[in-house]
Amino acid sequence: MKKIIAANWKNNGSKDFVKKYFSYLNENLEKNSYNEIIIFPPDIYCSLALELRNKIPARLGCQNISINTKNSTLTGGTTFKMFEDNFYEYVLIGHSENRANEENISLSLKVKLCETMKIIFCVGENKFDRDNNLVSSKIFSQLDDLIEVYNDSMDIVVAYEPIWAIGTGVTPSAKDISSTHEIIKKYLAQKLPSNKEKDIMVMYGGSVSFDNAKEILTSQFVDGVLIGGASLDVEEFTRICNMQI
Ligand code: PGA
């Protein structure tokens, strides 16, 4: 079954890294892989990645966008229009590492702005929520930002990323991941009735590696993985991409 396998490089890389990464992918990625492969490079390597991606069946996405709705000047940042201009297809919205720095930025506004891109909308609880049985309520309130502005022409995938699992080497059990994904699908199908539960895609992120990828990807209700640290090792990432699920 088709799965989404995404590499979130975060703020890692160099020109040399990008060149070697794509050259390795070009030689080793299954050309007729059925999986959807997405790379999220840092903004500054966006055009280089675009140029090198040519022969590879991988898509490109941006890790965040800068918001400038007033059409005034803003020093720094890359706007949605700039990514679109560079043929970027995916955008991550609501990654916990950005939520922490952008308390005042409305995620609903970001979703609206990026409406013509494929959005990967990140949700997930922290350790306190987990320990206090607040997982579903936290995730539902995060999904409400999406639901508020959703329209049927939008192409949205949800990424469930428990904050306590990001970069820690610890993950929920495959059974827990599966049941949380089911809850997310049910909630969205109930709030957005034009979406059938079976058509809503939910991927998992947080300490995914080659060692646990197969178990996670073959769990019920899991449609893909968003990989941070392990995606920096192109050999490991390629082995995950080439898995037959
Ligand atoms: P990780 O990061 O795989 O290093 O835990 C995942 C993410 O933050 O998207």
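Predicted model: local features only at pLDDT ≥ 70, side-chain atom pairs only at ≥ 80, totals over all residues.
Helices and strands here are DSSP runs, numbered from the N terminus. Overall, the protein has 10 helices and 8 strands. Its radius of gyration is 17 Å, close to the 18 Å that the globule rule gives for 245 residues, so the protein is as compact as a globular protein of that length.

**The overall picture**

- Buried residues account for 40% of the 245 residues in the protein.
- Take the contacts between residues at least 6 apart in sequence: 71% of them join residues at least 24 apart.

**Strands side by side**

- Strand E2 (residues 36-40) pairs with strand E3 (residues 58-62) in the parallel sense, over 3 bridges.
- In that pairing, Ile-38 stands opposite Arg-59 in E3.
- To get from E2 to E3, the chain goes through helix H2 (residues 46-52), and this β-α-β crossover is right-handed.
- E3 also pairs with E4 in the parallel sense, over 2 bridges.
- Here Cys-62 is the residue that stands opposite Val-91 in E4.

- As background, most residues other than glycine have a negative phi.
- Lys-10 isn't a glycine, yet its phi is positive, at about 55°.
- You'll find Lys-10 in the loop between strand E1 (4-8) and helix H1 (15-28).
- Lys-10 has 17 other C-beta atoms within 10 Å, so it counts as partly exposed.
- Phe-87 isn't a glycine either, and it has a positive phi of about 60°.
- Phe-87 has 12 other C-beta atoms within 10 Å, and a residue with 12 or fewer is called exposed, so Phe-87 is exposed.

**Around the ligand**

- The ligand is surrounded by 13 residues.
- The closest of them are Ile-166, Gly-167, Gly-205, Gly-228 and Gly-229.
- By type, the shell around the ligand splits into 5 nonpolar, 7 polar and 1 charged.

Note on methods:
Residues numbered from 1 in each chain as written. Helix = DSSP H or I, 4+ residues; strand = E, 2+ residues; numbered from the N terminus. Rg over C-alpha atoms; globule rule 2.2 N^0.38 Å. Buried ≥ 20, exposed ≤ 12 C-beta atoms within 10 Å, placed from the backbone. Contact = placed C-beta atoms within 7 Å. Near = placed C-beta within 6 Å. Nonpolar A, V, L, I, M, F, W, Y, C, P; charged D, E, K, R; others polar. Pairing = 2+ DSSP bridges. Right-handed = clockwise from strand over helix to strand, strands pointing away.
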